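Grab a pencil and open the viewer. Here are a few exercises, each followed by a solution that goes step by step.

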Amino acid sequence: RAMAYELDIRSRIFAARSDSRIRLRDLCQLCRDISLQHAVATQAAINQTGLTHADVALVAAHGQTLFHDPPLTLQLFDPAVLAQTLQIDVASDFRRADCAVGGQGAPLVPVLDRLLFAHSSETRILLNLGGIANLTLLTPQKSPASSVIAFDTIAFDTGPANCVLDHLWRRAGKAGFDESGALAISGKADEEIAVRAVRETGPFADALPPKSTDTPAMIDAFGRAGGEELPLPDALATACRMAGLMVAAGIGHLQTSAVDRLIASGGGVRNRALVVQIERTTGLTVETTDGHGIPSAAKEAVAFAWLGHLLLERRAGNLPSVTGATRPVVLGSITPGREAL
């Protein structure tokens with residue numbers, strides 16, 4: 001079960017990300033508070049499973065992204081706080097090794113997509129709708145000289161999913177988010193502003209993969225296009241349209257003739273307005289990972305648990321075809337939380 005940040009921590013994260021200015025002392029305090037929240041959430045998860053701390057070999061934690069513009073990336077998190085609070089080893093800092101060898105450091109979930117969702121005869125797109133939308137293309141390829149089926153894997157960020165929507169909601173002074181996209185559904189999308197917002201993302205919109213982006217860049221593009229001047233229902237509907245246009249453009253970059261399934265995950269699958277726009281722009285039916293054995297709200301958590309497992313085995317966790325890295329590398333660092341037996 002997902003656990004939300006406390007409202008004070010949430011507001012401080014948004015403030016730091018919105019203007020990229022924060023005092024060093026406040027940055028350190030925010031890092032500690034985020035890490036303590038991770039400890040509370042992890043302890044709750046352990047309690048729900050009925051496991052003991054001794055049963056858990058490793059906790060994999062991504063941390064909170066504050067800045068991402070490869071090769072520069074910052075995930076705010078202190079693994080020592082979590083490790084010492086729980087007395088369990090902690091894996092963290094999953095992006096920077098990929099960035100160090102020329103990669104985008106994102107997306108990292110495709111290594112799980114390939115493991116769990118590749119199909120021997122279907123071309124599938126896995127679409128993650130978090131703050132940013134990213135997709136993974138899984139295409140089966142049978143070698144003429146072998147019966148073994150390999151999978152070409154391409155993945156990249158397409159643009160916004162929930163980040164602009166959540167920004168508009170906060171800007172209107174509202175708590176939480178637009179539940180199920182109800183207010184967005186009641187609004188009317190401004191096509192001209194949506195198209196202009198896509199153009200305002202600059203080179204990102206037309207760039208071929210590998211590519212990644214971050215929340216502030218998408219919010220700024222929407223604002224420059226005039227989206228924030230619309231009434232809130234129309235602004236939300238227009239932000240959904242922008243997201244749908246960019247998902248469709250991303251699929252267009254793939255130059256694949258047929259997609260058998262579009263399988264989505266992340267909080268955005270619960271926003272009906274967003275899903276409808278993606279279906280309209282792509283012409284594809286949006287399924288969710290819930291129907292394929294993985295709760296849509298938990299896929300990223302499962303992915304980082306898998307990356308933690310790969311780290312323990314010293315196996316590469318990045319896919320150079322996805323991130324643009326020059327070679328496969330082991331991702332993450334381990335902070336000890338328990339003494340050797």
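**Exercise 1. Work out which residues line the second largest cavity, and which elements they come from.**

Start with the residues. V109, P110, D113, L126, L127, N128, N134, L135, T136 and K299 line the second largest cavity. Keep in mind that this is a predicted model.

Next, sort them by element. Helix 5 (110-117), strand 5 and strand 6 (132-142) each give two or more residues to this lining.

Then sort by class: five of the lining residues are nonpolar, three are polar and two are charged.

Last, the volume: the second largest cavity holds about 30 Å³ of space.

**Exercise 2. Find how many cavities of 30 Å³ or more the whole structure has, then describe the lining of the largest cavity.**

Searching the whole structure turns up two cavities of 30 Å³ or more. The general idea is simple: rolling a probe the size of a water molecule over the atoms shows where empty space is left.

The largest cavity has about 50 Å³ of space. Around it sit T158, V198, F204, A205, K211, M246, A249, G250 and H253.

Now for the elements. Helix 9 (203-206) and helix 11 are the ones that give two or more residues to the lining of the largest cavity. Helix 11 has the largest share, with four residues.

By class, this lining comes out as five nonpolar, three polar and one charged.

**Exercise 3. Follow helix 12 from end to end: what caps its N-terminal end, which of its residues are buried, and what covers them?**

Begin at the N-terminal end. The cap is N271, with a side-chain oxygen 3.1 Å from the backbone nitrogen of A273.

Move along the helix (residues 272-282). With buried taken as under 20% relative accessible area, the buried residues are A273, L274, V275, Q277, I278 and T282.

Look at the cover next. It includes strand 5 (124-129), helix 7 (182-186), helix 11 (232-253), strand 8 (261-265) and strand 9 (286-288).

Finish just past the helix, where G283 takes a positive phi of about 75 degrees.

**Exercise 4. Say what lines the second largest pocket, then trace how strand 2 pairs with strand 3.**

The second largest pocket has a volume of about 250 Å³. Its lining counts 14 residues, and F67, H68, D69, D214 and A217 lie nearest the pocket's centre. Strand 2 (64-69) and helix 10 (215-224) are the elements that give two or more residues to this lining. Strand 2 has the largest share, four residues.

By class, the pocket lining has five nonpolar, five polar and four charged residues.

Stay with strand 2. Strand 2 and strand 3 (residues 72-76) pair in the antiparallel sense over five bridges. The two form a hairpin with two residues between them, and D69 stands opposite L72 in strand 3.

**Exercise 5. Explain why strand 1 and strand 10 each have one side left without a neighbour in their sheet.**

First, the order: this open sheet of three strands runs 1-4-10, with mixed pairing.

How values were computed:
Residues are numbered from 1 along each chain as its sequence is written. This is a predicted model: local features need pLDDT of at least 70, side-chain atom pairs count only at pLDDT 80 or more; totals for chains, interfaces and linings use all residues. Side-chain values use heavy atoms; hydrogens and water are left out. Buried means under 20% relative accessible area, exposed over 50%, partly exposed in between (1.4 Å probe, protein chains only). Contact means heavy atoms within 4.5 Å. A polar contact is a pair of N or O atoms within 3.5 Å; within protein, one must be able to donate a hydrogen and the other to accept it, and residues adjacent in sequence count only if both atoms are side-chain atoms. On a 1 Å grid over the protein atoms alone, a cavity is a set of points where a 1.4 Å probe fits but cannot get out, and a pocket is an open set with protein on both sides within 12 Å along at least five of seven lines; lining residues have an atom within 4 Å of a point. Grid points are joined across faces, edges and corners, and a volume is the space filled by probe spheres set on the points. Ala, Val, Leu, Ile, Met, Phe, Trp, Tyr, Cys and Pro count as nonpolar, Asp, Glu, Lys and Arg as charged, and the others, Gly among them, as polar. Two strands pair if DSSP finds at least two bridges between them.
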